[in-house]
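Keep the viewer open and click along.

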Amino acid sequence: MKASVVYVSNTGNTESLAMAIREELQNCLHCGAPANEALAADLVFAGFWTDKGTCPEELRDFLGKLHGKTVALFGTAGFGGSKEYFERLLATVGSLVPADNTLADGFMCQGKMPMTVRERYVKMGNTQGVENFDRALAHPDHADLTAVRAWARGIADNAAEGTPNAKR
Ligand SMILES: Cc1cc2nc3c(=O)[nH]c(=O)nc-3n(C[C@H](O)[C@H](O)[C@H](O)COP(=O)(O)O)c2cc1C
């Protein structure tokens with residue numbers, strides 16, 4: 001079974017997840033930015049940084065080209081600490097995957113943000129924003145990378161057996 005890892009990452013957080021996933025795959029056709037050569041895979045890991053509540057446009061365009069694949073979404077978001085928030089983001093991006101694909105369980109973790117964001121929170125007196133920003137600084141951390149590896153192995157094993165742990 002051939003796999004590919006396609007991701008969009010501005011500041012490296014999502015890329016670090018992608019590299020960890022790549023290392024867990026036996027037969028990886030493509031690992032990098034959205035590209036048509038990735039479409040030859042049966043299993044596509046598609047990664048995004050969260051941009052105003054969804055994925056960036058480059059990934060949205062790529063997802064629209066997927067047909068008959070198993071698609072496993074992964075991503076990073078500045079706001080962490082809530083499983084529901086991550087699930088909501090995965091559902092939003094999952095809805096961009098055409099219905100003739102099998103959507104596997106996704107993976108998300110928190111990712112650090114640029115310092116300008118902290119400065120804005122400080123100026124606005126947004127203490128919760130500053131606290132969240134400071135928590136995000138460590139992520140993706142070692143535990144996130146260990147978790148994403150285990151997740152990717154599980155997805156790849158299930159896809160190889162023809163039993164993806166499908167969301168739909
Ligand atoms: C323009 C912009 C918009 C963002 N929008 C969100 C958002 O809606 N929700 C969120 O949780 N994080 C948001 N973030 C934070 C990033 O998703 C987060 O820092 C991510 O880990 C960056 O990943 P990357 O290093 O792979 O680019 C935003 C960041 C930027 C720069």
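A residue counts as near a molecule or strand if its C-beta atom, placed from the backbone, lies within 6 Å of it. With that in hand, the ligand has 18 residues around it, and S9, T14, W49, G78 and G111 come nearest. Two elements give two or more residues to this shell, α1 (13–23) and β4 (70–77); helices here are DSSP runs of H or I with at least four residues, strands are runs of E with at least two, and both are numbered from the N terminus. Helix α1 gives the largest share, three residues.

Sorted by class, the shell has four nonpolar, eleven polar and three charged residues. The nonpolar set is Ala, Val, Leu, Ile, Met, Phe, Trp, Tyr, Cys and Pro, the charged set is Asp, Glu, Lys and Arg, and the others count as polar, Gly among them.

## Ground rules

This is a predicted model, so to speak of local features takes a pLDDT of at least 70 and side-chain atom pairs count only at pLDDT 80 or more, while totals for chains, interfaces and linings use all residues. Residue numbers start from 1 along each chain as its sequence is written.

## The overall fold

The chain has six helices and six strands, in the order β-α-β-β-α-β-α-β-β-α-α-α along the sequence. Its radius of gyration is 16 Å, close to the 15 Å from the globule rule for 168 residues, so the chain is as compact as a globular protein of that length. (The radius is taken over C-alpha atoms, and the rule is 2.2 Å times the number of residues to the power 0.38.) The C-alpha trace spans about 50 × 30 × 25 Å along its principal axes.

Buried residues make up 40% of the 168. Buried means 20 or more other C-beta atoms within 10 Å of the residue's own, exposed means 12 or fewer, and partly exposed is in between, with C-beta atoms placed from the backbone. Among contacts between residues at least 6 apart in sequence, 77% join residues at least 24 apart; a contact is two C-beta atoms, placed from the backbone, within 7 Å.

How many of the eight residues of β4 are buried? Eight of them are. On one side sit T70, A72, F74 and T76, on the other V71, L73, G75 and A77. In a regular strand the side chains alternate between the two faces of the sheet.

Strands pair when DSSP finds at least two bridges between them. β4 runs parallel to β3 (residues 43–49), with seven bridges, and L43 stands opposite T70. The chain gets from β3 to β4 through helix α2 (residues 57–63) in a right-handed β-α-β crossover: with the strands pointing away from the viewer, the path from the first strand over the helix to the second runs clockwise. β4 also pairs in the parallel sense with β6 (residues 107–110) over four bridges, where F74 faces F107.

## β1, α1 and β2

Strands β1 (residues 3–7) and β2 (residues 28–32) run parallel, joined by four bridges, and A3 has C28 as its bridge partner. Together with α1 they make a right-handed β-α-β unit.

Now look at I21 in α1. I21 counts as buried because it has 27 C-beta neighbours inside 10 Å. Beyond its neighbours within four places in sequence, I21 is in contact with V5, F45, F74, V148 and A152.
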